[in-house]
Amino acid sequence: MPDIVVEKRGAIAWVTLNRPDARNALSRAVNQQLQEIAAEIDHDTDLRAVVITGAGDKAFCAGADLKERKGVPAAEAAPYINAIGGAISSWGELRKPTIAAMNGSAYGGGLELALACDFRILVEGSEVGLTEVRLGIMPGAGGTQRLPRLIGEARAKELILLGRRISAARALEIGLVTQVVPRAQLVAAVDAMVGELAGCAPLSVQQAKSAIERAHASSLEQGLQTERELYDVTLYSEDRDEGLAAFAESRPPRYQGR
């Protein structure tokens, strides 16, 4: 069974993370495929928009595959971090409109993937969160840069520094997601948005999207580089090892601040 399924529905590409038993976690192989798929989509002139979703009804994406990362020492973790960062950046750089059809909860890298999209439609009863600080690390694939730009610095700090998980209703209230819909209406909501996009000039949409993304005082690329440098500080910490160990052993972590 493929880890990712790509289906073209007319001028729309539907990309499905297809690891429901792993809550669609981002393994190194998945990240590589996401980057390759994004490149293919970006150069496909027949496509007008892209939808990314998850298989099953448990999660849109649980984030990095911590089972895969288990036991990997900090000195050997760079390929994993580079893979997830590269995958999510490739989606953030797509010129076509992107819609995250969030069929369930999204945490860590899963939420960072959704944040790299232009629109986020979330099903009722789901949660979202950047919970990395509870694992002894920090968001390292764009979360500290994209979330403040979206919802403001104060609210972003509330989520990131406290590692909070928030409800779908709260995510809508603070503008983190575009819509919240019943699960049975997710596809219809996406189709409605795609229908609106179909009534707009593709070149105009692409240029307007580019203009919006260039409006920030400092570049996202600079912010991402800073984030990666700071992430490495947490990566080589004892707290990072403790966070992963506690997760694997299903116990509260005992952090020492070093």
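Guide: Welcome! Let's start with a term: a pocket is an open set of grid points where a 1.4 Å probe fits, with protein on both sides within 12 Å along at least five of seven lines. The model here is predicted.

Visitor: With that in mind, what volume does the second largest pocket have?

Guide: Its volume is about 850 Å³. Of the 39 residues that line the second largest pocket, Ala62, Ala64, Leu66, Leu135 and Phe247 are the closest to its centre.

Visitor: Which elements each supply at least two residues of that lining?

Guide: They are strand 4 (59–61), helix 2 (66–69), helix 3, strand 6 (105–107), helix 4 (109–115) and helix 11 (238–249). By class, the lining of the second largest pocket divides into 20 nonpolar, eight polar and 11 charged residues.

Visitor: How much space lies in the largest pocket?

Guide: The largest pocket holds about 1,100 Å³. It is lined by 34 residues, and the closest to its centre are Gly92, Asp118, Lys209, Ile212 and Glu213. Helix 9 gives the most to this lining, with eight residues. The classes in the lining of the largest pocket are 15 nonpolar, eight polar and 11 charged residues.

Visitor: Now for the inside. How should I read a nonpolar core, and how many residues does the largest one have?

Guide: The general idea is that nonpolar side chains tend to be buried together in soluble globular proteins. Here, the largest nonpolar core has 44 residues, and Leu34, Ile52, Trp91 and Leu176 have the most contacts inside it. Helix 1 (residues 28–42) gives the most to this core, with five residues. A second, separate core has 15 residues, including Ile99, Leu186, Val190 and Met193.

Visitor: Which residues does Trp91 touch?

Guide: Leaving aside residues up to four places away in sequence, Trp91 touches Val15, Leu34, Ile37, Ala38, Ile41, Val50, Ile52, Thr98, Leu113 and Ala116.

Visitor: Thr98 belongs to strand 5. Which way do the residues of strand 5 point?

Guide: In a regular strand, side chains alternate between the two faces of the sheet. In strand 5, Thr98, Ala100 and Met102 point one way, while Ile99 and Ala101 point the other way. Five of the five residues in strand 5 (residues 98–102) are buried.

Visitor: Which strands pair with strand 5?

Guide: Strand 3 (residues 49–54) runs parallel to strand 5, joined by four bridges, and Thr53 has Ala101 as its bridge partner. Strand 7 also pairs with strand 5 in the parallel sense, over four bridges; there, Met102 stands opposite Leu122.

Definitions and conventions. Residues numbered from 1 in each chain as written. Predicted model: local features only at pLDDT ≥ 70, side-chain atom pairs only at ≥ 80, totals over all residues. Heavy atoms only, no water. Core = buried A, V, L, I, M, F, W, Y, C linked by side-chain atoms within 4.5 Å. Buried < 20%, exposed > 50% of the residue type's maximum accessible area, 1.4 Å probe, protein only. Contact = heavy atoms within 4.5 Å. 1 Å grid on protein atoms, 1.4 Å probe; cavity = no way out; pocket = protein on both sides within 12 Å on 5 of 7 lines; lining within 4 Å. Points joined across faces, edges and corners; volume = space filled by probe spheres on them. Nonpolar A, V, L, I, M, F, W, Y, C, P; charged D, E, K, R; others polar. Pairing = 2+ DSSP bridges.
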